[in-house]
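Please look at the charged side chains in the structure below.

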Amino acid sequence: MARVRDRDVAAFEAIYDGYHRLVHGIALKMLQDPMAAEDATQAVFLKIWRTPESFVSGNFGAWLSRVTRNRALDMLRSKANRAEGEMPADVPLEGALEDAVFARIEGANVRAALESLPPEQRSAIELGFFGGITHEEIARRTATPLGTVKTRIRTGLRKLRTVLGSSVPT
């Protein structure tokens, strides 16, 4: 990211190449619309290019996942506020089919990895990441202490990282 802050296009391209499938997969899972997922992916990487200083330190993949989740939630909220007929029909870009296929393959891997988790971990992760609710709301809905919810999510994410191995960049 330091090189991206210096406007190094090659560094930005390397980040895009390493993470675009992760970003697209999260957006597709949340939005359930390939075109909207493409828009979210573009918006996330545009944010990285325009404001690279927004990433300070820590796990870049986790930060990027959070940015993607927030962008998808914004899009879902926006979509709820406008009529479906107002959305323009876009022409698919060349190569979009290939990206969609890769995203589905990665999505299938993530779904299979999620299925391997104990139900309480899987449920907490799905509610938080794909349902767009806070840890506090998960605790209320499941009548589980907040600390337990956070532990389940953290433990589940570690297991996912182990199960998915190198298929998801960290």
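Predicted model: local features only at pLDDT ≥ 70, side-chain atom pairs only at ≥ 80, totals over all residues.

Why are Arg140 and Glu137 separated by about one helical turn? The two are three residues apart in helix H7, which spans residues 135–142, and therefore lie about one turn from each other. Arg140 is exposed, with a relative accessibility of 59%, while Glu137 is partly exposed at 22%.

Glu137 also has a salt bridge to Arg141, at 3.0 Å from N to O. This pair is in helix H7 as well, four residues apart, again about one turn of the helix. Arg141 counts as exposed, at 54% relative accessibility. Through shared partners, the salt bridges join Glu137, Arg140 and Arg141 into one network.

The whole structure contains four salt bridges. Another of them links the side chains of Arg3 and Asp8, with 2.9 Å between N and O. Arg3 is partly exposed, at 48% relative accessible area, and Asp8 is partly exposed too, at 24%. In general, side chains of opposite charge can pair when their charged atoms come close.

Lys150, Arg154, Arg158 and Arg161 form a patch of positive charge on the surface. A residue in a patch has over 30% relative accessible area and no salt bridge. Arg161 belongs to helix H8, residues 146–164, and is partly exposed, with a relative accessible area of 46%.

Notes:
Residues numbered from 1 in each chain as written. Heavy atoms only, no water. Patch = residues over 30% accessible without salt bridge, like charges linked within 9 Å, V, L, I, M, F, W, Y side chains within 5 Å. Areas by Shrake-Rupley, 256 points an atom, 1.4 Å probe, with all protein chains shown as cover. Lys, Arg positive; Asp, Glu negative; His and termini not counted. Charge placed at Lys NZ, Arg CZ, Asp CG, Glu CD. Buried < 20%, exposed > 50% of the residue type's maximum accessible area, 1.4 Å probe, protein only.
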